[in-house]
Every structure is written in structure tokens, then in C-alpha cells.
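Subject: Handover of the model and notes on its contacts

Dear colleague,

I am passing the structure on to you with this message, and my notes on it follow directly below. Please read them with the coordinates open beside you.

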Amino acid sequence: MFSCVLVANRGEIAVRVIRTLRAMGVRSVAVYSDADAGARHVAEADVALRIGPAAAVHSYLSIPAVLAAAKAAGAEAVHPGYGFLAENTAFAAACADAGLVFVGPPAAAIEAMGDKIRAKQTVAKAGVPVVPGSDGAGLSDAELATAVEEVGYPVLLKPSAGGGGKGMREVHRAEDLADAIASARREARGSFGDDTLLVERLITNPRHIEIQVMADQHGTVVHLGERECSLQRRHQKIVEEAPSALLTPAQRDRMGAAAVEAARAVGYTGAGTVEFIVSSDAPDEFFFMEMNTRLQVEHPVTEMVTGLDLVELQLRVASGEPLPIGQDDVRLSGHAVEARVYAEDPAAGFLPTGGRILAMHEPAGPGIRVDSGVVAGGTVGSDYDPMLSKVVAHGTDRDEALRRLDAALADTVLLGLGTNVGFLRALLADPDVRAARLDTGLVGRRVDDWTATDRDLPEDVLAAAAAHALLALEPTGSVVDPFDVPGGWRVGDPAWTTWRMLVAGHEPVEVRIRGRAAAAQVCVGDAAPVPVAARYVGGSLAVTLDGVTRRYRCAQDGAVLWLARDGHTWSVREQEPLEAARHAEESAGGPVLSPMPGTVTVVEVTEGQSVEAGQRLVVVEAMKMEHVLTSPVAGVVRELRARAGATVDRDAVLAVVEPTEE
């Protein structure tokens, strides 16, 4: 076994690998960019080395920088995690040339399976069924269009390199094909450095089921059962579970055997995942999609139902040890479900968010596991993927696992930025999800239902914010001057204290409150006064509103108050009168604001150009997600502040469109 391993990654996967290295008594080495100097994986490793600036291409994606760090730290092996260099053939080969063990498959296997076109050809020869589509490499736009016509609509455009849903585009009409190809190529080039695309027939109402395989250097290949990954948005997985409620033991054996043959076909070693599309109506019909030649984000659910540590198995296989298990030793126990927590705003089309984490709380309890890469006080920027953590629950059956996961998400708190936790709870409560009636299009069809809770503003939130403000205004101590009490002292009823409160994503609301925090009255908007009482209990703000008591986690960031309860988070601040007037004036002028912190990748207009309402103006990218900004009105671009390649903050003015006079 190795004595020192460098982890060539960041975030939650780096923390997770370091945890196993520590348990095995192996010295861990972390690498970090300037943006991650205070990151959790840096603090938890035995040694951490800086490898470059924030841009991944100059740090986590820099092969020379990573290898230099490994040499400086005296590492014998490199664990790539997932993403970045995990499926990079050149990196695997460079590790070997440098005398380092790459904790993953041979470079030849990565190359064979990393190119989706070649992978389909390879597994097809091994008898594994594949999805009909193009099988040529390096197709031009015209050749792609011809291939689409041969396959027939609807089709799926996929980057030949990489994975994770990046660059994938569904195309249902011929008139959308050109834009889809251009967009897919641009995202593939930015994510993987390769804009080669392939075409596949889009199988409607499919289920995404993948098989975890593990192979050693002595010829043993086993599968560790399947994971259901059908709950995904834009080809990005959101919730994963093991085992799948769809498969029978016989179907599991058939699919597992096909995955093993796919791995054998390329001389695979280490951990890998063979992904299949499975018909919801005919589970016996399955098609190979791709093989991920690395550890998967969702590997914890397999660990929880098998009792195996996949990272430990990876390390033992990489060091030359035989697998300690055979196929007959694999047993599945209970059910596990994982939910990915992202820094994103579901109510705003899942745009990436960011900011400093003011406070956080991670759930615990029977059957609960949290793989996290963030810490209180840390900053979530726009340089990397928006996934913050994974909350995983195990139960004796699927119902218990889902109940535990929902309770864990309700107990998850991240203050200082928006997350998708409330959306995840709404998704898990859906009757189709509870009944395992799943397919890869379910989230797309129901997303509006599940984001409704994020779009709605509960009245109790504004009342809680007012009660919190009242508590902050009240003097402390045993002797209280009545003139120091909010609202002043007077004969008769106390005076009202009024705030015009603004919650991100909502219109401002006037809130009035009077009395002492222990016994007050509050009016939210035009509603009648109701009794309210507030106090701090165990670090939480307990607010009793009209007889109902709720607890909130809260944190103050300057003028902004962050409140969280039941997995939902809100930022509240007072809107000044001058600010309200300025906002109304700007809205009439048609400013185009960046909806997220990120980088301008495309500017499609020039200053002085006439534009129509809805016309494309600028493309902003953050956390590997593109967002197209369009003109809010028909008019003329009078100010164009966006520049391709420039970094912008959230709400930065990128352009101002002067409306055309009627």
C-alpha cells in the first residue's frame, strides 16, 4: 500500500478521499488554487500545496502543476477524484512517465471509453446493446445535420469527450438544430477542450440506470449492483438511489453481466460505471450510453447498500492488490438515496448563486451521511462547479430511506447564499417520485410545481424578520428606560415601527410591528394585526406567530438578514425609499443585469444597434452553466458594458436598452 497519495481535486470529493486515506493510515496531500486557499479540503489534508490561480486551466487542470506538487510532496500515487483530470488520458500517461501511480484505469481504457464514439463501437463488438446514432468521429456541422436526418427527430447531441451532461442538447425540430450544434460545441469546448459531437436517437420516457464495476489487475471484474439516476435536469443528475425499484434480480444480473463485459472489453481496472438507458415499459430492453472511467459523484449510495468503501478498493487495486471480494460476495442491504446540494436558485431557472457562507448546519442521525466540501466562513465563487455537498440516507427499504433523506434536508442550513434544498424536498414529496414512477424527463415536466415553494414568500418569514429586528432594537439588562423601548413610551397603545422589507426575488412588502418582542403585534402588508413573540432558543430564533411556533436559523450580513427553516432560505433587507424610486426608473429604461456572478463568453450586439424584445444580447457563464441574456424591450442598445472574457458580478449592468417610442 502507498504511504503518500496526492488528491488532484477539490471540494467534497477531495474531502471524501482524504477521509479514507486517513482511515487507512496513508498520508494525504491536497492541492489548491488561489480561490481555494481557505477551502475545507486544504484544512483536512496532511499537506496542502498551492498550484496556481483561480482559473482551473492554470491550476486543477494543469498537468505540470499537479505533477510538480506530487513530486514536491513525495507522493507515490495520485487520486484524481471526478471531473478535472479524472478522465484525461494525457494525465494518466503523464503520471506513469513521472513514476506515479494513477489511481484509475489504464490510459488505454480511458481513451477507449472516454471517446463516446469509440466506446460504442468497442462495447458493441462485445455484444453490449447500443443506442442507434452516428458512429463517425469529427463530424462537421453539415455531417451532423445529415446524421440527424438519418436517425430522425428527436435526437440528442452529445460531446464525444467528457460527461456529466455538459454540452448535451435535445433537438426536436430541424429549425433548432444549427443553434443547438453551436451551443453544444461551445460548452463542450469550454468544459473539455474538445468540441467533437455525436448524435443519438433520443429515447423518450427512458430511465437512466448505471452499474458500478470494480476490476483488479489480476483479471477479476465484479459489479456492485445498480444505481437509479433518472431524476435529472438538463442531463445533470439531482437525486440517485440504489438499488433501482424497476429491476428484478434477473434483470439486475443481465445488466450487471453486460457491464462486466464492457469493462473487460477494454482491459479495465479500478472503479468505473457503465451507464444504460432502460425502457420504463420494458426493463429487459437496455442500451449502453457510456462508461465513466472514474469514481462517480453518486458512489455513496452503492457504499451504503454494499458496506464497501469504493475509494479504499480503488487504492488497493491501484497498489496491485487483488480484489478482496468476488461476485458471489456482493450483497445489497436496504436502500439508499442521495440528493445533491447545489449553490443555485431554482426559482430563477436554477441560476448559480454564490457568496460567503455565514453559518451552516449539516444533518446527522441514523442512516445519514453528508459528503461536504464547504465550511462556515468560506466563499462559494463562480470559478467551479456549484455542487456544495451530498446528503445521503440509508433505510431498511425505499420508503424509510426517503423519509430519512427528507428529514435530513429539512435540517440542512447554509446561510449566505441560495441553494436548491427546498426544491429537493418538494421533488422528494412528489407522488410519482415516492411511487418510483420515474423517467429522465420527469423533472423537466414537473419543475414548475417543485419550484413553486421557492417562488412563494411565506408570510411568517417577513414576520420573523420584523421580530428579529425588534429584538435587536430592544435594550438589554435588568433596568429598562421606557423611552429606549422601540416605539417610545406613551399613554395608550405603543407606536408602530415600520419597515419596507425586500426579499430577494420578490416585491417589497411593508411590515409593521409594535410592542415588546416577548409580546407584540405584527402586520404584514395589508393583513390585520396578529400576535407575535420572539426569543432565542439554543442558537435558533423561535417565533410564535398567531399561535404557531416556528424555529429559524439566522445570520446577519451587514444590512441583510438571512433566515432558514425547513430547508428553505431567504435573504431579507430593508428597502430605502430612494432605492425604490431608482429601481422603478431603471426598469423603464430596460437595463440588462447579470443574473449571476460569472464570465461574459459572447457579446452578440453592438452599441447603437436596434434590437427586438427577446433578442439575444450577451451570454454569461458561471460554474459551467451558460445563461443567455435577451433584450427586455424593443429598442436601441445605448450602453454596452459587457466585454467577452470579462468577469462580472451578480446584478452588474451589462447593457441598457432604450425602448422604442410608440
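The structure, a predicted model, holds 46 salt bridges, a salt bridge being a side-chain nitrogen of Lys or Arg within 4 Å of a carboxyl oxygen of Asp or Glu. Because this is a predicted model, local features need pLDDT of at least 70 and side-chain atom pairs count only at pLDDT 80 or more, while totals for chains, interfaces and linings use all residues. Residues are numbered from 1 along each chain as its sequence is written, and side-chain values use heavy atoms, with hydrogens and water left out.

Salt bridges

One of the salt bridges joins Glu 175 to Arg 173, with the closest N and O atoms 3.4 Å apart. In what follows, buried means under 20% relative accessible area, exposed over 50% and partly exposed in between (1.4 Å probe, protein chains only). Glu 175 counts as exposed at 56% relative accessibility, whereas Arg 173, with a relative accessible area of 45%, is partly exposed. Another salt bridge brings together the side chains of Arg 641 and Glu 639, at 2.6 Å from N to O; Arg 641 is partly exposed at 49% relative accessibility, and Glu 639 is partly exposed with a relative accessible area of 33%. There is also a network of salt bridges that links Glu 12, Arg 16, Arg 19, Glu 303, Asp 309, Arg 369, Asp 371 and Lys 390.

The side chains of Arg 425 and Asp 406 meet in a salt bridge as well, at 2.9 Å from N to O. Arg 425 belongs to helix α13 and Asp 406 to helix α12, so this pair ties together parts that are 19 residues apart in sequence. Helices (H or I, at least four residues) and strands (E, at least two) are DSSP runs, numbered from the N terminus. Arg 425 itself is partly exposed, at 21% relative accessibility.

Helix α12

Helix α12 covers residues 398-410, and at 1.5 Å a residue its 13 residues should span 18 Å, which agrees with end C-alpha atoms that are 18 Å apart; the expected span is taken as 1.5 Å times one less than the number of residues. The buried residues of α12 are Arg 398, Glu 400, Ala 401, Leu 402, Leu 405, Ala 408 and Leu 409. These buried residues pack (contact meaning heavy atoms within 4.5 Å) against β11 (236-242), β14 (335-342), β19 (368-372), β21 (387-395), α13 (421-428) and α14 (431-434).

Strand β23 and its partners

Strand β23 (residues 497-503) has five of its seven residues buried, so it is largely enclosed by the rest of the structure. Two strands are taken to pair if DSSP finds at least two bridges between them. Five bridges join β23 to the antiparallel strand β24 (residues 509-516), where Met 501 stands opposite Val 509. The two strands form a hairpin with five residues between them, and Gly 505 in the turn has a positive phi of about 90 degrees. Three bridges join β23 to strand β30 (residues 568-574), again antiparallel, with Val 503 opposite Val 572.

Aromatic rings

Rings of Phe, Tyr and Trp (its six-membered ring) pair if their centres lie within 6.5 Å, with planes under 30 degrees apart counted as stacked, over 60 as edge-to-face and the rest as tilted; by this rule the count comes to seven aromatic pairs. Tyr 60 and Phe 84 have ring centres 5.1 Å apart and planes at 20 degrees, so the pair is stacked. Tyr 60 is in the loop between β3 (47-52) and α3 (63-73) and Phe 84 in the loop between β4 (77-79) and α4 (89-97), 24 residues apart. Tyr 60 is buried, with a relative accessible area of 1%, while Phe 84 is partly exposed at 22% relative accessibility.

Phe 84 also pairs with Tyr 384, the ring centres being 6.3 Å apart and the planes at 85 degrees, so this pair is edge-to-face. Tyr 384 lies in the loop between β20 (379-380) and β21, so the pair ties together parts that are 300 residues apart in sequence. Tyr 384 counts as buried at 6% relative accessibility, and Tyr 60, Phe 84 and Tyr 384 form one aromatic cluster.

With regards
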